[in-house]
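Dear colleague,

I am passing on the structure below, and would be glad if you could look through it before reading my notes.

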Amino acid sequence: MAQEKQMTHEESLELIQSMINTARHKVADDGFHLILWGVLVIICSLLNYFFFQAGYGNWSGLPWLFMPVVGVPAGIIYERSFRRSAGIRTVVDTNIKYLWWSYGVALFLVLFYSGSIQVSPVPYILMITGMVTFASGLMLRFRPMMAGGVVFFILTLACLWVQPVDQLLLEALGVFLGYIIPGIILRRLSKSQADV
Amino acid sequence: MFKPLDPLLHSELRLAVMSLLISVQEADFSFLKEKTGATAGNLSVQLNKLAEGGYITIEKSFKGNYPQTTCRITKAGIKAFEDYVNALKSYIGKK
């Protein structure tokens, strides 16, 4: 691009329009966190389920304690050192980040509260996960994530007819459909954008 | 009476940079370089002119082991860009 090329007024407007469109259609999320947390939740759900079936009782929920110990440092290390920058950050990206932080707080409260009154946290986790996943999908205009949110909502209702221990299997299924699949699609989309 | 066009914005590369920055919160140097097709040297000079005019801020940091230059548009930059677009519209509308 020439340094001081004289532009006509029409050329100026065309340039503005084309540059705004260039930035607007860029997806900054690369799906890594969806896949990371999806895999961790599936592992913990299944371990919890098998430990309970094996008769470990209250101890069978122990794998969940290790999930943030692995997930939080892995997420931070990836962001700081490995993530290939999309080059831009939009207001939507920032809003989605704040939404997931709020989800983290809500998730902690659900676990604390359900532990205190001795009820299964799974339906409530599925409900708030559905909300945050669906809202993120709407903001990104990314249909696989919106569909993932709907899956979480349906599984929340399905919990009504399922024993608390079997709800863990619904959680693993929900996370596979609602996190892992949209995460893989988002990752492919992000890579194809980067290769253009 | 036509409003004069802001000379800081009425340059192809600087206008392209401002148009990219107006629709995002921040953009890094390599993104601006790729989308404008400018050379690193030229882009760097034009970014500094915009920063000296108070239209953008430039932040240098490190991501892993690599240096990263992040640019953001300022409130003064947004106002100048809007004034520039309005001036352009008045020129084109009265032709």
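How much area is buried between chain B and chain A, and what part of that area do carbon and sulfur atoms give? About 3000 Å² is buried between the two chains, and carbon and sulfur atoms give 59% of it, where buried area is the accessible area (1.4 Å probe) that two parts lose on being put together, summed over both.

Before going further, please note that this is a predicted model, in which local features need pLDDT of at least 70 and side-chain atom pairs count only at pLDDT 80 or more, whereas totals for chains, interfaces and linings use all residues. Residues are numbered from 1 along each chain as its sequence is written, chains are lettered from A and ligands numbered from 1 in the order in which they are written, and side-chain values use heavy atoms, with hydrogens and water left out.

To stay with the interface, chain B brings 36 residues to the contact and chain A brings 31 residues, contact meaning heavy atoms within 4.5 Å. Of the area that chain B buries against chain A, 21% is supplied by Glu12(B), Gln25(B) and Lys63(B), which is more than any other three residues supply. One salt bridge is found across the interface of chain B and chain A, a salt bridge being a side-chain nitrogen of Lys or Arg within 4 Å of a carboxyl oxygen of Asp or Glu. Arg89(A) forms a salt bridge with Glu26(B), and their closest N and O atoms are 3.1 Å apart.

Chain B has four helices and three strands, which follow one another from the N terminus as α-β-α-α-β-β-α; helices (H or I, at least four residues) and strands (E, at least two) are DSSP runs, numbered from the N terminus. Of its 95 residues, 47% count as buried, with buried meaning under 20% relative accessible area, exposed over 50%, and partly exposed in between (1.4 Å probe, protein chains only).

An open sheet of four strands takes in both chains, in the order E1(A)-E1(B)-E3(B)-E2(B) and with antiparallel pairing, two strands being paired if DSSP finds at least two bridges between them. Strand E1 (88-89) of chain A and E2 of chain B stand at the edges with a single partner strand each, so one side of each is left without a neighbour in the sheet. Strand E1 (residues 26-28) of chain B is joined to E3(B) by two bridges, and Ala27(B) stands opposite Cys71(B) in E3(B).

Helix H3 (residues 40-52) of chain B buries Asn42(B), Leu43(B), Gln46(B), Leu47(B) and Leu50(B). Seen down the helix axis, the buried residues of H3(B) fall within an arc of 130°, so they line one face of the helix; the arc is that of the directions from the helix axis to the C-beta atoms. Among the elements that cover these residues are helix H1 (12-22), helix H2 (29-36), strand E2 (56-63) and strand E3 (66-73) of chain B. Just after H3(B), Gly54(B) takes a positive phi of about 80°.

In chain A, Leu46(A) is found in helix H2 (residues 32-53) and, at 30% relative accessibility, counts as partly exposed. Leaving aside residues up to four places away in sequence, Leu46(A) touches Leu169(A) and Ala172(A).
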